[in-house]
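This report describes selected features of one protein model. Please keep the sequence and the structure in view while reading.

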Amino acid sequence: MSFVLTQLSNDIGTIIMNNPERLNVLNSAMVDDILTAFALLESGGARVIIIRSSAGAKVWSAGHDINELPIADRDPLPYDDPLVTILRTIQASTLPVIAMIEGSVWGGACDLALSCDILIGSPHASLAMTPAKISVPYNATGILHFIGIMGVNIAKEMFFSAQPLTAERAQKLGILNHLVPLDELESFTLELAGCIAINSPLSIRVVKEQIRLLANAHPLSPQTFERVQGLRRLVYHSDDYAEGIRAFKEKRPPIFNGS
Ligand code: LCV
């Protein structure tokens, strides 16, 4: 049974995350299904892809499946992690991808939404970046991704507070491209997708890759990268990291001691 529904109509592909019981957590099964849907739509002639939750979802996605995080002493977000893989796939896709957001977005699912090229939300949408809630050391590409989209100050507030950013504030900050009433969200998104689908796919493919290459052109010395990775090891080798995951599973507030 697939955790996503896939549709293709008028050159517009839609991937509906359809595991509301588990709040569309991005576990390996969900990610596999999204990747399969992506490949199907790309080969099926889609000109643009919309990623969304099922209608009425209170949670667009609860992010990485915390049950799939390593308990300790292993990088929780390695290059081949399912969530990290889907982020790269969306960013490198030759097709423009639209995140249609109804409901709250948590943790790595924020990175998933921000990996899309255009974000359209309804007033109840929100974005919360939660590594500090469970003492996870986010990875360098992800952090650069947030800085590039929202700037250092907003990225710091999101990572430090783990508090949801409202749709209204996200739109004012340019994180959401459009904020539309819930009853217009689907029609508005399809209309914009339709405008894209009739334009030159080659030109769009090239400009998407140009923007990706230029936006990611951060010369990072080996020393800087090693320093970043060393800082991350401090966290995922820490008692706090194990405590963050244990507390979530035991449904209690974590008690962090900073080591
Ligand atoms: C597994 C879950 C999850 C979940 N995993 O419903 O960005 S990073 O670095 O942090 C990265 C590692 C990452 O993405 O980590 C995950 C970040 N996600 C979060 O911190 C969101 C955690 N979830 C919540 O805060 C709440 O579940 C929300 C506010 C999303 C929904 O609250 P609500 O009261 O509506 P419950 O909390 O009761 O959740 C329903 C079921 O889904 C599970 C949760 O454990 C519960 O399971 P049971 O029914 O077995 O009790 N669940 C929710 N999120 N990310 N499982």
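Predicted model: local features only at pLDDT ≥ 70, side-chain atom pairs only at ≥ 80, totals over all residues.

When neighbours within four places in sequence are left aside, Glu243 is in contact with Arg252, Pro253, Pro254, Ile255 and Phe256.

## The sheet

Strands of a sheet pair through backbone hydrogen bonds, in either a parallel or an antiparallel manner. Here, 4 strands make up an open sheet with mixed pairing, and their order is 4-6-8-9. Strand 4 (59-61) and strand 9 (165-166) are at the edges with a single partner strand each, so one side of each has no neighbour in the sheet.

Strand 6 (residues 104-106) and strand 8 (residues 126-128) run parallel and are joined by 3 bridges. Val105 has Leu127 in strand 8 as its bridge partner. Helix 3 (residues 108-115) packs on the sheet, where it touches strand 4, strand 6 and strand 8. The direction of helix 3 makes about 110 degrees with that of strand 6.

## Helix 3 and helix 5

Helix 3 also packs with helix 5 (residues 140-161), at an angle of about 55 degrees and with the axes 11 Å apart. The two helices are therefore oblique to each other, and helix 3 passes helix 5 in a left-handed crossing.

From helix 3, Cys110, Asp111, Leu114 and Ser115 meet Gly142, His145, Phe146, Ile149 and Met150 of helix 5. By class, this contact has 5 nonpolar, 3 polar and 1 charged residues.

Technical notes
Residues numbered from 1 in each chain as written. Heavy atoms only, no water. Pairing = 2+ DSSP bridges. Contact = heavy atoms within 4.5 Å. Axes fitted to C-alpha atoms, helices over the stretch in contact; angles between N-to-C directions. Parallel < 35°, antiparallel > 145°, perpendicular 65-115°, else oblique. Left-handed = near helix turned anticlockwise from the far one by under 90°. Nonpolar A, V, L, I, M, F, W, Y, C, P; charged D, E, K, R; others polar.
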